[in-house]
Amino acid sequence: MSDFTSNFWSIFVASITLVGILACLVLLWVTARKKVAPGSDNTTGHVWDEDLREMNNPLPRWWMWLFVLTIVFSLFYLVAFPGLGAYPGQLGWTSAGDYKKEVADANRELAPLYAHFSGKPAQELAGNAQAHHVGEHLFMNNCAQCHGSDARGFKGFPNLTDGDWLHGGTPQKIVETLSQGRSGNMPAMAAAVGSPDDVKNLANYVLSLSGAPHDSLRAQLGKSKFGVCAACHGVGGKGNQALGAPNLSDDIWLHGFGEQVIINMVNNGKVSVMPGQAGKLSDAQIHVLAAYVWGLSNKAVAKP
């Protein structure tokens, strides 16, 4: 209810809840008092599907009292727990508080395990079967949603199993990325490049850097336009990890491949964000997770 700026909706929800409970009591009372004159065959006279008749048998007493007890229980529940609008309940229980307690309890139980890992370098942990198992679980719970369960990524989400790193692939850089997150921003460069034809020529030159299929004539014309890109990607298009500028001379394409994709990138730019995990994971968890991620692209070294 914290999203609302007035008490109206809180009062409205509480009122609807209480009216619903009261309506159940009234319905029970009315139906208990209603008497239907039975026929000689103990039916109410209602017939469905030609031969399906409603009998005039009263509800069992145990069923009725069970219904009453359910209503009484609901009233006690609404006093103890949240349920009446913004009223927090006498016990002060919240789902967020319950979740934080579970996380704190789990972290406390796992603290000795992470303490055992914390003093070891990432390269050693990557080859440790137990650390690998823990890191894999951390990855599945926190990273696989974007990078995939096999860590090979998707369009717009980097493949973590190759050696192509936007910001560096050392264990220290991976820890930095996990902790602080990353924000990639390529501005729209069409105005600096020139005409649409110039942009197309530039796209073909970029394709030529990695040996991808391209129009060689347009690539020659676009080479001079690459100067506006070289400030970030380097003169040879090798990229710049300090800026997070990708290498354009390999065959790895984070946001798609082809002339039109590059034209769209130059015209529209691109913003990519990886959220930092420091507020979600402890330093010890990030250390183990970084070792696992490092091991994904260094399988020859890390063999758990």
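1. Let's start with Ala 151, which sits in the loop between helix H6 (144-147) and H7. This is a predicted model, and in it Ala 151 has a positive phi of about 65° although it is not a glycine. Most residues other than glycine have a negative phi. Ala 151 counts as buried because its relative accessibility is 1%, and buried means under 20%.

2. A second residue to look at is Glu 50, in the loop between strand E1 (43-48) and strand E2 (52-55). Glu 50 is not a glycine either, and its phi is positive, near 75°. Is Glu 50 buried or exposed? With a relative accessibility of 76%, Glu 50 counts as exposed.

3. Now follow the chain into helix H7 (residues 171-180), where the buried residues are Pro 171, Ile 174, Thr 177 and Leu 178. Looking down the axis of H7, you will find these buried residues within an arc of 120°, so they line one face of the helix. Gln 172 and Gln 180 are exposed on the other side of H7.

4. Setting aside neighbours within four places in sequence, His 233 is in contact with Phe 226, Lys 238, Gly 239, Ala 245, Pro 246 and Leu 248.

5. Stepping back to the whole protein chain, you can count 13 helices and four strands. The chain is more spread out than a compact globule, because its radius of gyration is 33 Å, well over the 19 Å that the globule rule gives for 304 residues. Along the principal axes, the C-alpha atoms fill a box of roughly 100 × 55 × 45 Å.

6. Buried residues make up 30% of the 304 residues in the chain. Of the contacts with a separation of 6 or more, 57% are between residues 24 or more positions apart. The accessible surface comes to about 19,300 Å², and carbon and sulfur atoms account for 61% of that surface.

7. Finally, the charges: the protein chain has 22 positive and 23 negative ones, and their mean positions are 4 Å apart.

Conventions: Residues are numbered from 1 along each chain as its sequence is written. This is a predicted model: local features need pLDDT of at least 70, side-chain atom pairs count only at pLDDT 80 or more; totals for chains, interfaces and linings use all residues. Side-chain values use heavy atoms; hydrogens and water are left out. Contact means heavy atoms within 4.5 Å. Helices (H or I, at least four residues) and strands (E, at least two) are DSSP runs, numbered from the N terminus. The radius of gyration is taken over C-alpha atoms; the globule rule is 2.2 Å times the number of residues to the power 0.38. Buried means under 20% relative accessible area, exposed over 50%, partly exposed in between (1.4 Å probe, protein chains only). Accessible areas come from the Shrake-Rupley method with a 1.4 Å probe; for residues, only the protein chains shown count as cover. Lys and Arg count as positive and Asp and Glu as negative; His and the chain ends are not counted. The place of a charge is taken as NZ of Lys, CZ of Arg, CG of Asp or CD of Glu. The arc is that of the directions from the helix axis to the C-beta atoms.
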